Amino acid sequence: MGERAFWVGTYTGAAGGGAGIYRVVRGVDGVLRADGLAAEAVCPSYLAAHSTGNVLYAVREEDRGGVAAYGVAGARLKELGAREAGALPCHLSVTPDGERLVVADYGSGTVRAYPLGPDGGLAGGPDVAEGHGGGPRADRQEGPHAHMAVSAPDGTVLTTDLGADLVRSFRFEGGALRLAGETALPAGCGPRHLAVHPSGHVYVLAELAAAVLVLRPADGYAGLEVAAVSAATAGPAGGSAQGAAIKLGDGGRHVYTSMRGTDVVTAHRVLDGGAALEPVADVPSGGHWPRDLHVDGEWMHVANERSDAVATFRIGSDGVPVPEGPPLPLPSPVCVIPA
């Protein structure tokens, strides 16, 4: 495999030491090198790319939040437009048809769908779905906190609500975002991120319970049922542990999670055709406070926010990641996606 480039989202200002969106390059030897600041931006913590590869999107994770679209011009980015969002937007994704950008607003608990033009640019104001509810953790679940929004294979938009212990399912009707169903999860677990396995099962990483929940479709993706619950780490997670990201390995034989506090990445074996998971190994994340991770074939890159570094791992034949070279210094990294 030749060289490959990635975009890295960061925290800026009072939230961290970054200056915007950075570009890094992985060499043929697996070592990452910095390729400069691609665009100045305010707290572009999470990123998503249009299927054409010509447009990159970023949240502006502030109390008065926003989203921005950037045209890709080689190693640099040029802002194409921006829109307001809810409070503290923390995740975004593009629908498979490339027609909408869906954003999860953590602070306001809302989910927004922005129309996109044929060129991938922001083409209007969003359709907004309000959140509701809360949970038993008064310090984190005083109200709804949308944390992720991704599309299932049938086009259903699945969102996690950390504050209300729910996975919400939305479908588009006449261009509008409509609630199709809600799946209640164990009280106080705080669902954060999810991934859809090729088997159809949905894996949900809980931030507050250090657990991974396996959900199976019961009514398409509008209705889901809890099929299994497993530990998010192979060893003890500890009281300070907070789940961050969950990603599938190539081929779907393994799943990977990052855990802040204990600062590990955990490899999970997929069992029973996707219906269960088994944590098999905890690997130090290569830094402090691992946030997002990206799996790219035999390689994995982990954004360690509070140690200002992106660590690289080579995934062995047993599915366990092994550190490859020194971590790349980068200020307050949060999200890593292919360029």
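What follows is a short chat about strands, sheets and a few side chains.

Q: Before we dig in, what kind of model is this?
A: It's a predicted model: local features need pLDDT of at least 70, side-chain atom pairs count only at pLDDT 80 or more, and totals for chains, interfaces and linings use all residues. Residues are numbered from 1 along each chain as its sequence is written, and side-chain values use heavy atoms, with hydrogens and water left out.

Q: OK, let's start with β17. Is that strand enclosed or open, and why?
A: Strand β17 (residues 202–206) is largely enclosed by the rest of the structure, because five of its five residues are buried. Buried means under 20% relative accessible area, exposed means over 50% and partly exposed is in between, with a 1.4 Å probe and protein chains only. Strands here are DSSP runs (E, at least two residues), and helices are H or I runs of at least four, numbered from the N terminus.

Q: Which way do the β17 side chains point?
A: V202, V204 and A206 point one way, Y203 and L205 the other, and all are buried. In general, side chains in a regular strand alternate between the two faces of the sheet.

Q: And what does β17 join up with?
A: β16 (residues 191–196) runs antiparallel to β17, with five bridges joining them. β18 (residues 211–219) is also antiparallel to β17 and joined by five bridges. For two strands to count as paired, DSSP has to find at least two bridges between them.

Q: Which residues are bridge partners there?
A: H193 has L205 in β17 as its bridge partner, and A206 has A211 in β18.

Q: What about the turns?
A: β16 and β17 make a hairpin with five residues between them, and G200 in that turn has a positive phi of about 105°. The β17 and β18 hairpin has four residues between its strands, and there A210 has a positive phi of about 50°.

Q: Switching topic: what's the strand order in the sheet with β6?
A: That open sheet of four strands runs β4-β5-β6-β7 with antiparallel pairing. β4 (47–49) and β7 (76–84) are the edge strands, each pairing on one side only. On average, neighbouring strands of this sheet are turned by 25° against each other, direction ignored. The axes are lines fitted to C-alpha atoms (for helices, over the stretch in contact), and angles run from 0 to 180 degrees between N-to-C directions.

Q: How many bridges between β6 and β7?
A: Eight, in the antiparallel sense. Y70 stands opposite E79 in β7.

Q: Where does E62 sit?
A: E62 is in the loop between β5 (55–60) and β6 (66–73). Its relative accessibility is 32%, so E62 counts as partly exposed.

Q: What does E62 touch?
A: Leaving out residues up to four places away in sequence, E62 touches V42, G86, A87, L88 and P89. Contact here means heavy atoms within 4.5 Å. E62 and A87 are 25 residues apart along the chain, with 6.3 Å between their C-alpha atoms.
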